[in-house]
Structure formats: C-alpha cells, structure tokens
Amino acid sequence: MTRKELREQAFIMLFEYSFSGESANELFDIANEVGVETKDEYFTGVVSKAIENISLLDETISEYSKGWNTQRISKVALAALRLAITEIKFFEDIPNSVSINEAVEIIKKYATEQDASFANGILGSVVRAEKS
C-alpha cells in the first residue's frame with residue numbers, strides 16, 4: 001500500500017476508535033479479521049501513537065477550534081484531525097504540509113467542504129504554534 005492508502009486506513013481506524021474506544025491492539029485484531037493488513041510500521045505507529053495521546057490531541061483540537069469542543073466536531077473531521085496532529089507532533093519525517101493536505105482530502109472525501117475548511121484552519125494554527 002502507498003503511504004496515502006495507509007493514511008486513509010489509519011483514519012478509518014481512528015474513526016472506529018471514536019465509536020468503540022478500544023485499544024490499538026484490539027482495533028488491529030479487528031482489522032486483521034476483516035482482511036486489513038496491519039503490519040506496516042507507519043500504520044501501526046501512527047494509530048498507536050494517536051490512541052496513546054488521545055487526550056493531548058483532543059486538548060490541542062479544542063484549543064485551536066475557538067469554542068468548539070471535540071463533542072461538537074464531526075467524527076470524520078475529528079478522526080482526520082487526530083491523525084494529522086499525531087503526524088505533526090510525533091512524526092518529524094512527514095512534512096506538515098503533507099499531513100494537512102492529506103487530512104483535508106480525507107475530510108473532503110468522507111464529510112463536507114465546511115468540515116475540510118474548519119480542519120484546515122485548526123491544522124494551520126497547530127503548525128504555526130509548533131514552529132514558535
């Protein structure tokens with residue numbers, strides 16, 4: 001699978017997490033049962049890191065979403081934001097612009113243009129704050 005495809009699979013896992021709250025290992029077991037390959041280092045790393053740091057990710061999202069807590073954000077946008085912020089904060093080898101662009105594209109595919117614009121704004125703010 002390409003990195004883009006792996007990123008979309010990671011997004012799907014984080015979307016599932018938003019409903020189930022299961023551990024990364026439990027999610028990997030379920031994914032394996034339905035034929036999703038979970039052996040890739042990036043895939044397992046980003047999903048595990050996101051779930052391990054879910055509180056930090058949600059605090060970051062709330063901080064930059066100007067009055068919107070994570071309960072008000074669509075589950076699609078929330079999963080994509082969690083994925084992108086995980087990459088921004090913990091995966092230095094991935095350019096921030098790639099993380100932002102891929103998250104926005106995933107949101108456009110699964111949600112609305114408004115959700116994509118909202119997420120783009122949050123991610124831009126996160127990157128600016130990380131640089132300072």
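**A serine, aromatic rings and helix packing**

Ser-125 lies in helix 7 (residues 113–131); helices (H or I, at least four residues) and strands (E, at least two) are DSSP runs, numbered from the N terminus. The model is predicted: local features need pLDDT of at least 70, side-chain atom pairs count only at pLDDT 80 or more, and totals for chains, interfaces and linings use all residues. Residues are numbered from 1 along each chain as its sequence is written, and side-chain values use heavy atoms, with hydrogens and water left out.

**Ser-125**

- Ser-125 has a relative accessible area of 15% and is therefore buried (under 20% relative accessible area; exposed is over 50% and partly exposed in between, with a 1.4 Å probe and protein chains only).
- Its side chain makes a polar contact with the side chain of Arg-128, at 3.3 Å (a pair of N or O atoms within 3.5 Å; within protein, one must be able to donate a hydrogen and the other to accept it, and residues adjacent in sequence count only if both atoms are side-chain atoms).

**Aromatic pairs**

- Rings of Phe, Tyr and Trp (its six-membered ring) pair if their centres lie within 6.5 Å; planes under 30 degrees apart count as stacked, over 60 as edge-to-face and the rest as tilted.
- By this rule there are 5 aromatic pairs.
- The pair of Tyr-42 and Phe-91 is edge-to-face because the ring centres are 6.1 Å apart and the planes are at 70°.
- Tyr-42 is in helix 3 (residues 41–52) and Phe-91 in the loop between helix 5 (75–90) and helix 6 (96–110), so the pair ties together parts 49 residues apart in sequence.
- Tyr-42 and Phe-91 are both buried.
- One aromatic cluster is formed by Phe-11, Phe-15, Phe-19 and Tyr-110.

**Charges over rings**

- Arg-3 lies over the face of Tyr-42, 4.2 Å from the ring centre (NZ of Lys or CZ of Arg within 6 Å of the ring centre and within 35 degrees of the ring normal).
- Over the face of Phe-19 lies Lys-75, at 5.4 Å from the ring centre.

**Helix packing**

- Helix 1 (residues 3–20) packs on helix 3 at an angle of about 30°, with the axes 9 Å apart (axes are lines fitted to C-alpha atoms, for helices over the stretch in contact, and angles run from 0 to 180 degrees between N-to-C directions).
- Helix 1 and helix 3 are therefore roughly parallel (under 35 degrees; over 145 is roughly antiparallel, 65 to 115 roughly perpendicular and the rest oblique).
- Helix 5 and helix 6 have axes that come within 9 Å and cross at roughly 170°, and these two helices are therefore roughly antiparallel.
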